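Trainee: Hi! Could you walk me through this structure?
Mentor: Happy to, let's open it up together.

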2 protein chains.
Amino acid sequence: MAKVKISDVAREAGVSLGTVSNALNHPEKLRPETLKLINETINRLGYLPNQSARQLAGGATKSFGLVLPRLDHGFSLQIASGAHNEARKHGYDLLIANADNDDILEDHYLRYFMGTQMSGVMVQPMASPDWHPAMTKMPVPIVHLDIHCSEPGYYVAADNEAQGRIIAELAIARGAHHITVVGRAAFMQLTLRVLGIHKALALHPDIKIEVIDAGEWNTAADGYSIGAQIAERSTDERPDFVIGLTDVLASGVISALTDKGISVPEQVRVAGCDGNPLAWSGSVPLTTVAPPGYEIGRKGVQLLMEQIENKAPAKTKRVRIGSAARTVTEVTAAEDINRQELVRPFLLERASTQASSQAEATAINLGAYL
Amino acid sequence: MAKVKISDVAREAGVSLGTVSNALNHPEKLRPETLKLINETINRLGYLPNQSARQLAGGATKSFGLVLPRLDHGFSLQIASGAHNEARKHGYDLLIANADNDDILEDHYLRYFMGTQMSGVMVQPMASPDWHPAMTKMPVPIVHLDIHCSEPGYYVAADNEAQGRIIAELAIARGAHHITVVGRAAFMQLTLRVLGIHKALALHPDIKIEVIDAGEWNTAADGYSIGAQIAERSTDERPDFVIGLTDVLASGVISALTDKGISVPEQVRVAGCDGNPLAWSGSVPLTTVAPPGYEIGRKGVQLLMEQIENKAPAKTKRVRIGSAARTVTEVTAAEDINRQELVRPFLLERASTQASSQAEATAINLGAYL
DNA sequence: ACTCGTACTTGAAACGCATCAAAGGGGCCG
DNA sequence: CGGCCCCTTTGATGCGTTTCAAGTACGAGT
């Protein structure tokens, strides 16, 4: 229980303090026998290097911090997963903190990570980026995820507008005449999806479109009640294609329609809009558009690496990838670091549950980017 | 970008180094005006305390580490969530690391947390606790989650046997005559569930029971193919109650049965066995037994706190809670610290999707323990 | 005027380690 | 035997804090 320190190991092994340190950090510098002796001593004594001291003495350690607003949202998990894999690939650790939908906690963990001499920090901010200006001048590389912001800084976001457009285009391709969008555009991401839908439909004035608010929280229950309401309508007033702004909503709608004896997708097609794994693995196949969370996490780490490698903070390029696979690159002479990437979502069309295991869904997810 | 340190703040504010430190840690010791001055200076300079140095100088910080085998498993997330809330309640931070199903990584993060002067560490180990003996003599309180182990140490686990028993008792209550268990008991938890099922059925020799292996990974696709196989059977050979060892399996079975024209639950009832939120929010209601992940996380932190508060490591009690709500407490004079808690799972019976939003499911989860 | 007490403030020491200039120890050649 | 060079090991130094014994200033009590 008494903490073993490096000097204990050194004394016990009959070598000097610096040699033990080398055994840990630059093993190639030691004679194999010395190394072996030291390693044995380390194990025998149960020595654990004190990370704090290491960091203090040696500068940043190879680890990244990731602050997420929630852990129970599939999207955040995909981010975490992508970030994790990319980080490991570069030999970095990834530590995750749950801000629990609380601005103050988010800020707290952010500062914590900054102060821990992490090599870089990523956040999926939950609200407006007001706090942001104060954060960009932090001494640690930082990347913002899933947020659209014009302030100087590094961002990676899903192209939510494309997300809406893609699903609308699917509806069009399926020959929809009357589309109902279910959900409240409670925040920017959802607003952009609606925008994308409208833009896609602007080219098809013959298609009727309506948007039904589903209450503040866009729950499955909300979806259910709206689905029930839709089911009540006469056949010609009923949409032939329903888009849930959220997969959870769509899932609720499907349940209601089915319960009321309306068959999906024969009579009414229903699609989701956010590729929520919670919905994927349901028993009813749900076509949806998946925002590439995995890819966002991955790109986030890449931007972090980029900042670390180009120590020169005087980065003056402005890159923008998206939408719809178009790539626009413009290099400005601005002094601001402004690097923003939009990652394109992908259609996840499901015909049967047979291929619905989470593992396979993940595979699809990854496959889309290979 | 240049890092501001405490001495910069001190110089700038015209006070001494120790005073700034006090402003941070013992504000009550300072004259209000001094405190105000220092705080202003801190903000103006954008000073961030170096956590490494703090920890080095001040001993452990108030934070816990949690190592999880995966992030995309609902159960782990519930643990994280419960641990998070409990930790915050005590004023501790919680940092999460994803071991990504890799023993080596798990060990790596464990050591990392140990060395970071965390106040305590929790693991949901993925495999056998072989490595464990080496870990218990670590200088930091540690709690193992979701694992059954007889070695001295602190553990919190779901009562998997009860989990099986409960679902079997449900089947009995529903008048089942022929029960089919689907899935491979690939690891201890699943084995215990099967055991529980058998124990419950031992009292009912008239009920026919069979176990069908579903392949190594227990995927939804595996469930689907077994479901299809069951559907092929003649009516009297077909079970009237199917238990998926895993909710994902159950979900696959349901899809297959439905696809083959067998109605669930009218002709065949299907239940899951692990309360996987991924399955809860599906469009088809699935009755399942939820292992109280949230509660496990919570209890884990409580055990951590217990270890921290009773600095005296000569704890000699052995408490065991469960199964079936019986509580057995025995105090031994053993020198070993052996504190093991079994948390009882609860039945999550679902009749309709109307109440299936994740928020409500969580509420049920919590409600069961209020 | 002197003492004592209270309320703050100071600054040196220690925390455990990485670093790196310098010292040590062979081996090889002349 | 001396001189060189290379490979390995050494240990003093500093990283940014916290802590705490010692200090200062001020006011009340006598």
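**A chat about the model**

Mentor: Let's start in chain A, where A:Ile243 stands opposite A:Ala271 in strand S9(A). This is a predicted model, in which local features need pLDDT of at least 70 and side-chain atom pairs count only at pLDDT 80 or more, while totals for chains, interfaces and linings use all residues. Residues are numbered from 1 along each chain as its sequence is written, and chains are lettered from A and ligands numbered from 1 in the order in which they are written.

Trainee: How many bridges join S8(A) to S9(A)?

Mentor: Three, and the two strands run parallel. Two strands pair if DSSP finds at least two bridges between them. Helices (H or I, at least four residues) and strands (E, at least two) are DSSP runs, numbered from the N terminus.

Trainee: And which helix lies across S6, S8 and S9 of chain A?

Mentor: That is H8(A), running at about 170° to S8(A). Helix H10 (residues 220-232) of chain A packs on the sheet too, touching S6, S7 and S8 of chain A, and its direction makes about 155° with that of S6(A). For such angles, axes are lines fitted to C-alpha atoms, for helices over the stretch in contact, and angles run from 0 to 180 degrees between N-to-C directions. Contact means that the C-beta atoms of two residues, placed from the backbone, lie within 7 Å.

Trainee: In what order do the four strands of that open sheet come?

Mentor: The order is S7-S6-S8-S9 (chain A), with parallel pairing. S7 and strand S9 (269-271) of chain A stand at the edges with a single partner strand each, so one side of each has no neighbour in the sheet. From one strand to the next, the twist averages 20°.

Trainee: What do the buried residues of H9(A) pack against?

Mentor: They pack against helix H8 (160-173), strand S6 (178-182), strand S7 (208-212) and strand S8 (241-244) of chain A. Among those buried residues are A:Leu190, A:Val194 and A:Ile197. Buried means that 20 or more other C-beta atoms lie within 10 Å of a residue's own, with exposed at 12 or fewer and partly exposed in between; C-beta atoms are placed from the backbone.

Trainee: How many residues of chain A count as buried?

Mentor: Of its 370 residues, 50% do. Chain A has 14 helices and 14 strands.

Trainee: Switching to chain B, why is strand S5 (residues 153-158) largely enclosed?

Mentor: Because six of the six residues of S5(B) are buried, the rest of the structure largely encloses the strand. B:Gly153, B:Tyr155 and B:Ala157 point one way, and B:Tyr154, B:Val156 and B:Ala158 the other way. Strand S4 (residues 142-145) of chain B runs parallel to S5(B), joined by three bridges, and B:Leu145 stands opposite B:Val156.

Trainee: Now the DNA. Which residues are closest to DNA strand C?

Mentor: The closest are A:Lys5, A:Ile6, A:Ala57, A:Gly58 and B:Gly18, out of 28 that surround DNA strand C. Near here means that a residue's C-beta atom, placed from the backbone, lies within 6 Å of the strand. H2(A) gives the most to this surface, with six residues.

Trainee: And which helix gives the most to the surface near DNA strand D?

Mentor: There it is H2(B), with six residues. 28 residues surround DNA strand D, and the closest include A:Gly18, B:Ile6 and B:Ser21.
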